[in-house]
Amino acid sequence: MPIHEKHLIRPENLTTHEHLVIDGVDVSGHWSTFIESRVVTDYNEAMQDEIAALPGGEYIHRCWQCGSCTNSCTVNAVNPDFNPRYWIYLIRMGMESELLRDKDIIWQCVSCNKCTYACPRDVVPEGVMKATAHWLELKGHTKPSPSTVFDEVFSDQVIETGMMEETRTILGFFRGTGQPLVQDWLIEMVKRMIAHLPVGWLMHLGLSTVLRPRTRDWSRARDAIKEYVAEQEAKQHQALGLDRLVEMARREAEQPLKHAAE
Ligand code: SF4
Ligand code: SF4
(Lines give C-alpha, C1' and ligand atoms only; values in the text may rest on other atoms or scores of the structure.)
(Ligands and ions follow the chains in the order given, each with its own letter.)
Protein backbone atom coordinates (compact mmCIF):
# COMPACT_ATOMS: atom_id res chain seq x y z
CA MET A 1 0.00 0.00 0.00
CA PRO A 2 1.44 3.40 -0.91
CA ILE A 3 1.97 6.22 1.56
CA HIS A 4 -1.23 8.17 1.07
CA GLU A 5 -1.34 10.63 3.97
CA LYS A 6 -0.50 14.15 2.82
CA HIS A 7 1.45 15.10 5.95
CA LEU A 8 3.84 12.17 5.34
CA ILE A 9 5.26 13.89 2.27
CA ARG A 10 8.60 15.30 3.38
CA PRO A 11 8.88 19.08 2.77
CA GLU A 12 12.31 18.58 1.13
CA ASN A 13 10.66 16.38 -1.53
CA LEU A 14 8.33 19.17 -2.65
CA THR A 15 9.41 21.37 -5.55
CA THR A 16 7.57 24.52 -6.56
CA HIS A 17 8.46 26.86 -9.42
CA GLU A 18 7.81 30.49 -8.56
CA HIS A 19 7.63 31.48 -12.23
CA LEU A 20 6.63 28.81 -14.73
CA VAL A 21 4.65 29.10 -17.96
CA ILE A 22 3.88 25.93 -19.95
CA ASP A 23 2.31 26.25 -23.40
CA GLY A 24 1.21 29.75 -22.55
CA VAL A 25 -0.43 28.71 -19.31
CA ASP A 26 0.92 30.29 -16.15
CA VAL A 27 1.43 27.49 -13.60
CA SER A 28 3.60 29.45 -11.20
CA GLY A 29 3.63 28.78 -7.48
CA HIS A 30 1.15 26.28 -6.05
CA TRP A 31 0.07 25.08 -9.52
CA SER A 32 3.55 23.82 -10.35
CA THR A 33 4.11 21.79 -7.17
CA PHE A 34 5.77 18.43 -7.82
CA ILE A 35 6.57 15.63 -5.42
CA GLU A 36 10.04 14.28 -6.12
CA SER A 37 10.05 10.50 -6.17
CA ARG A 38 12.06 8.76 -3.49
CA VAL A 39 14.65 6.13 -4.26
CA VAL A 40 15.25 3.70 -1.41
CA THR A 41 18.10 1.24 -1.88
CA ASP A 42 19.08 0.27 1.64
CA TYR A 43 16.29 -2.19 2.49
CA ASN A 44 16.67 -4.22 5.66
CA GLU A 45 14.89 -7.40 4.64
CA ALA A 46 15.22 -8.85 8.13
CA MET A 47 13.56 -5.89 9.83
CA GLN A 48 10.09 -7.40 10.34
CA ASP A 49 11.63 -10.58 11.76
CA GLU A 50 13.88 -8.54 14.06
CA ILE A 51 10.96 -6.56 15.49
CA ALA A 52 8.84 -9.74 15.73
CA ALA A 53 11.57 -11.35 17.84
CA LEU A 54 11.12 -8.73 20.56
CA PRO A 55 8.30 -8.83 23.16
CA GLY A 56 5.19 -7.15 21.73
CA GLY A 57 6.20 -7.38 18.08
CA GLU A 58 5.07 -10.97 17.51
CA TYR A 59 1.93 -10.21 15.47
CA ILE A 60 3.19 -7.42 13.21
CA HIS A 61 2.84 -9.69 10.14
CA ARG A 62 -0.97 -9.62 10.51
CA CYS A 63 -1.31 -5.89 9.72
CA TRP A 64 -3.39 -5.05 6.66
CA GLN A 65 -2.86 -1.29 6.91
CA CYS A 66 -6.43 -0.24 7.68
CA GLY A 67 -5.21 2.72 9.77
CA SER A 68 -7.59 2.15 12.71
CA CYS A 69 -4.63 2.26 15.11
CA THR A 70 -3.51 5.70 13.96
CA ASN A 71 -7.09 7.02 13.88
CA SER A 72 -7.64 6.02 17.49
CA CYS A 73 -4.17 6.93 18.78
CA THR A 74 -3.94 9.30 21.75
CA VAL A 75 -0.55 10.68 20.76
CA ASN A 76 -1.45 11.04 17.07
CA ALA A 77 -4.29 13.36 18.11
CA VAL A 78 -1.73 15.88 19.36
CA ASN A 79 1.14 15.05 17.00
CA PRO A 80 0.22 13.81 13.49
CA ASP A 81 3.84 12.66 12.97
CA PHE A 82 3.19 9.90 15.53
CA ASN A 83 1.78 7.30 13.16
CA PRO A 84 1.76 3.58 14.16
CA ARG A 85 0.20 2.45 10.86
CA TYR A 86 2.94 4.16 8.85
CA TRP A 87 5.75 2.76 11.00
CA ILE A 88 4.33 -0.75 10.74
CA TYR A 89 4.26 -0.27 6.95
CA LEU A 90 7.92 0.84 6.93
CA ILE A 91 8.97 -2.10 9.12
CA ARG A 92 7.15 -4.63 6.95
CA MET A 93 8.73 -3.10 3.83
CA GLY A 94 12.19 -3.08 5.47
CA MET A 95 12.58 0.68 4.99
CA GLU A 96 14.96 1.19 7.88
CA SER A 97 16.34 4.61 6.92
CA GLU A 98 12.80 6.00 6.60
CA LEU A 99 11.87 4.63 10.04
CA LEU A 100 15.00 6.15 11.55
CA ARG A 101 13.80 9.61 10.58
CA ASP A 102 11.13 9.23 13.29
CA LYS A 103 13.34 7.47 15.82
CA ASP A 104 13.06 10.27 18.38
CA ILE A 105 9.27 10.12 18.72
CA ILE A 106 8.46 6.39 18.52
CA TRP A 107 9.18 5.92 22.25
CA GLN A 108 6.48 8.48 23.09
CA CYS A 109 3.69 5.85 22.95
CA VAL A 110 1.80 6.21 26.24
CA SER A 111 0.59 2.58 26.27
CA CYS A 112 -3.08 3.58 26.44
CA ASN A 113 -3.86 0.57 24.19
CA LYS A 114 -6.64 2.36 22.29
CA CYS A 115 -4.97 1.11 19.10
CA THR A 116 -4.96 -2.45 20.42
CA TYR A 117 -8.73 -2.37 20.99
CA ALA A 118 -9.34 -0.76 17.57
CA CYS A 119 -7.16 -3.16 15.56
CA PRO A 120 -9.28 -5.65 13.57
CA ARG A 121 -6.33 -8.01 13.06
CA ASP A 122 -5.06 -8.39 16.63
CA VAL A 123 -1.69 -6.94 15.71
CA VAL A 124 -1.38 -5.37 19.19
CA PRO A 125 0.09 -2.13 17.81
CA GLU A 126 0.95 -0.95 21.33
CA GLY A 127 3.26 -3.96 21.63
CA VAL A 128 4.75 -3.23 18.22
CA MET A 129 5.51 0.36 19.32
CA LYS A 130 7.26 -0.95 22.43
CA ALA A 131 9.18 -3.56 20.41
CA THR A 132 10.21 -0.92 17.89
CA ALA A 133 11.44 1.46 20.61
CA HIS A 134 13.35 -1.47 22.14
CA TRP A 135 14.79 -2.38 18.72
CA LEU A 136 16.01 1.21 18.21
CA GLU A 137 17.82 1.07 21.55
CA LEU A 138 19.34 -2.38 21.01
CA LYS A 139 20.62 -1.35 17.59
CA GLY A 140 22.17 1.80 19.08
CA HIS A 141 19.97 4.21 17.09
CA THR A 142 18.65 5.83 20.27
CA LYS A 143 19.86 5.91 23.84
CA PRO A 144 17.77 4.12 26.49
CA SER A 145 14.54 6.05 27.07
CA PRO A 146 13.54 7.06 30.62
CA SER A 147 10.98 4.21 30.66
CA THR A 148 13.70 1.68 29.77
CA VAL A 149 15.92 3.06 32.54
CA PHE A 150 13.03 2.74 35.00
CA ASP A 151 12.26 -0.83 33.86
CA GLU A 152 15.89 -1.82 34.36
CA VAL A 153 16.22 -0.23 37.81
CA PHE A 154 12.93 -1.79 38.92
CA SER A 155 13.63 -5.25 37.47
CA ASP A 156 17.22 -5.44 38.73
CA GLN A 157 16.03 -4.68 42.22
CA VAL A 158 13.15 -7.17 42.21
CA ILE A 159 15.32 -9.92 40.66
CA GLU A 160 18.10 -9.35 43.18
CA THR A 161 16.02 -9.13 46.38
CA GLY A 162 12.48 -10.33 45.58
CA MET A 163 11.23 -6.95 46.76
CA MET A 164 10.78 -3.42 45.53
CA GLU A 165 12.04 -0.58 47.69
CA GLU A 166 10.69 2.84 46.64
CA THR A 167 13.56 5.11 47.67
CA ARG A 168 16.20 3.00 45.93
CA THR A 169 14.02 2.82 42.82
CA ILE A 170 13.57 6.60 42.65
CA LEU A 171 17.26 7.32 43.30
CA GLY A 172 18.36 4.67 40.77
CA PHE A 173 16.03 6.20 38.18
CA PHE A 174 17.39 9.71 38.84
CA ARG A 175 20.97 8.47 38.52
CA GLY A 176 20.22 6.54 35.31
CA THR A 177 18.52 9.52 33.67
CA GLY A 178 21.10 12.06 34.87
CA GLN A 179 18.68 13.95 37.12
CA PRO A 180 19.69 15.63 40.39
CA LEU A 181 19.09 13.38 43.39
CA VAL A 182 17.47 16.19 45.35
CA GLN A 183 14.46 17.79 43.70
CA ASP A 184 11.91 20.32 44.97
CA TRP A 185 8.92 18.00 44.60
CA LEU A 186 10.80 15.25 46.42
CA ILE A 187 11.66 17.53 49.35
CA GLU A 188 8.00 18.58 49.54
CA MET A 189 6.84 14.94 49.48
CA VAL A 190 9.26 13.97 52.28
CA LYS A 191 8.12 16.96 54.37
CA ARG A 192 4.48 15.92 54.04
CA MET A 193 5.29 12.29 54.81
CA ILE A 194 7.07 13.39 58.00
CA ALA A 195 4.08 15.56 58.92
CA HIS A 196 1.37 12.99 58.23
CA LEU A 197 2.72 9.43 58.48
CA PRO A 198 3.18 7.45 61.73
CA VAL A 199 6.74 7.51 63.15
CA GLY A 200 6.94 3.68 63.15
CA TRP A 201 6.14 3.53 59.44
CA LEU A 202 8.75 6.22 58.63
CA MET A 203 11.40 4.31 60.61
CA HIS A 204 10.49 1.13 58.74
CA LEU A 205 10.87 3.00 55.44
CA GLY A 206 14.26 4.45 56.42
CA LEU A 207 15.59 1.08 57.64
CA SER A 208 14.43 -0.63 54.43
CA THR A 209 16.41 1.87 52.36
CA VAL A 210 19.58 1.30 54.38
CA LEU A 211 19.35 -2.46 55.10
CA ARG A 212 17.82 -3.58 51.76
CA PRO A 213 15.64 -6.48 53.01
CA ARG A 214 15.19 -9.60 50.87
CA THR A 215 12.43 -12.12 50.44
CA ARG A 216 13.25 -15.24 52.43
CA ASP A 217 14.69 -18.16 50.42
CA TRP A 218 14.74 -15.99 47.31
CA SER A 219 18.06 -17.23 45.88
CA ARG A 220 16.61 -20.13 43.82
CA ALA A 221 13.91 -17.93 42.32
CA ARG A 222 16.52 -15.23 41.60
CA ASP A 223 18.82 -17.69 39.80
CA ALA A 224 15.93 -19.09 37.75
CA ILE A 225 14.80 -15.60 36.70
CA LYS A 226 18.37 -14.58 35.82
CA GLU A 227 18.77 -17.72 33.70
CA TYR A 228 15.49 -17.00 31.88
CA VAL A 229 16.46 -13.34 31.27
CA ALA A 230 19.88 -14.38 29.93
CA GLU A 231 18.21 -16.92 27.58
CA GLN A 232 15.77 -14.31 26.26
CA GLU A 233 18.51 -11.71 25.78
CA ALA A 234 20.68 -14.22 23.91
CA LYS A 235 17.73 -15.06 21.61
CA GLN A 236 17.06 -11.38 20.94
CA HIS A 237 20.74 -10.66 20.26
CA GLN A 238 20.83 -13.54 17.80
CA ALA A 239 17.62 -12.42 16.04
CA LEU A 240 18.96 -8.88 15.66
CA GLY A 241 22.46 -10.03 14.66
CA LEU A 242 23.92 -7.96 17.50
CA ASP A 243 26.79 -10.36 18.17
CA ARG A 244 27.82 -10.00 14.52
CA LEU A 245 27.65 -6.19 14.79
CA VAL A 246 29.77 -6.21 17.94
CA GLU A 247 32.33 -8.49 16.25
CA MET A 248 32.45 -6.19 13.18
CA ALA A 249 32.92 -3.13 15.42
CA ARG A 250 35.70 -4.93 17.31
CA ARG A 251 37.49 -5.81 14.04
CA GLU A 252 37.13 -2.25 12.76
CA ALA A 253 38.56 -0.91 16.03
CA GLU A 254 41.54 -3.27 15.66
CA GLN A 255 42.32 -2.19 12.08
CA PRO A 256 44.14 1.09 12.93
CA LEU A 257 46.18 -0.76 15.58
CA LYS A 258 47.24 -3.37 12.99
CA HIS A 259 48.19 -0.71 10.43
CA ALA A 260 50.15 1.19 13.06
CA ALA A 261 52.13 -1.96 13.98
CA GLU A 262 53.02 -2.68 10.28
S1 SF4 B 1 -0.90 2.55 22.89
FE2 SF4 B 1 0.54 3.99 21.93
S3 SF4 B 1 0.26 3.69 19.73
FE4 SF4 B 1 -1.52 2.80 20.75
S5 SF4 B 1 -3.09 4.39 20.81
FE6 SF4 B 1 -1.98 4.54 22.75
S7 SF4 B 1 -0.31 6.02 22.35
FE8 SF4 B 1 -1.11 5.38 20.34
S1 SF4 C 1 -5.33 -1.22 13.21
FE2 SF4 C 1 -4.19 -3.14 13.09
S3 SF4 C 1 -4.46 -3.90 10.99
FE4 SF4 C 1 -5.09 -1.75 11.03
S5 SF4 C 1 -3.20 -0.59 10.42
FE6 SF4 C 1 -3.22 -0.67 12.65
S7 SF4 C 1 -2.04 -2.49 13.18
FE8 SF4 C 1 -2.58 -2.67 11.02
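Colleague: What makes the pair Glu98 and Arg101 a salt bridge?

Modeller: The closest N and O atoms of Glu98 and Arg101 are 3.5 Å apart. A salt bridge is a side-chain nitrogen of Lys or Arg within 4 Å of a carboxyl oxygen of Asp or Glu, and therefore the pair is counted. Side chains of opposite charge can pair when their charged atoms come close.

Colleague: On what basis do these values stand?

Modeller: This is a predicted model, in which local features need pLDDT of at least 70, side-chain atom pairs count only at pLDDT 80 or more, and totals for chains, interfaces and linings use all residues. Residues are numbered from 1 along each chain as its sequence is written, chains are lettered from A and ligands numbered from 1 in the order in which they are written, and side-chain values use heavy atoms, leaving out hydrogens and water.

Colleague: Why is Glu98 called buried?

Modeller: Its relative accessibility is 6%. Buried means under 20% relative accessible area, exposed over 50% and partly exposed in between (1.4 Å probe, protein chains only), so Glu98 is buried. Arg101, with 41%, falls in between and is therefore partly exposed.

Colleague: Where does Glu98 lie, and which residues does Glu98 touch?

Modeller: Glu98 belongs to helix H5, residues 96–100; helices (H or I, at least four residues) and strands (E, at least two) are DSSP runs, numbered from the N terminus. Not counting residues up to four places away in sequence, Glu98 touches Arg10, Arg38, Tyr86 and Leu90, where contact means heavy atoms within 4.5 Å. Glu98 is also linked with Glu12 and Arg101 in a network of salt bridges.

Colleague: How many salt bridges does a search of the whole structure find?

Modeller: The search finds seven. Among them is the pair of Arg192 and Glu188, with closest N and O atoms 3.1 Å apart. Both residues lie in helix H10 (184–196), four residues apart, about one turn of the helix. Another joins the side chains of Arg222 and Asp223, at 3.3 Å from N to O.

Colleague: Why is Trp218 called buried?

Modeller: Trp218 has a relative accessible area of 19%, and this is under the limit for buried, so the term applies. Trp218 sits in the loop between helix H11 (199–211) and helix H12 (219–240).

Colleague: What makes the approach of Trp218 to Ile159 a polar contact?

Modeller: A polar atom of the Trp218 side chain lies 2.7 Å from the backbone oxygen of Ile159. A polar contact is a pair of N or O atoms within 3.5 Å; within protein, one must be able to donate a hydrogen and the other to accept it, and residues adjacent in sequence count only if both atoms are side-chain atoms. The distance of 2.7 Å is therefore within the limit.

Colleague: Which residues have the most contacts inside the largest nonpolar core?

Modeller: They are Trp87, Ile88, Leu90, Leu99 and Trp135, in a core of 30 residues. The elements giving two or more residues to this core are helix H1 (47–52), H4 and helix H7 (125–138), and H4 supplies the largest share, six residues. A nonpolar core is a set of buried Ala, Val, Leu, Ile, Met, Phe, Trp, Tyr and Cys residues joined through side-chain atoms within 4.5 Å.
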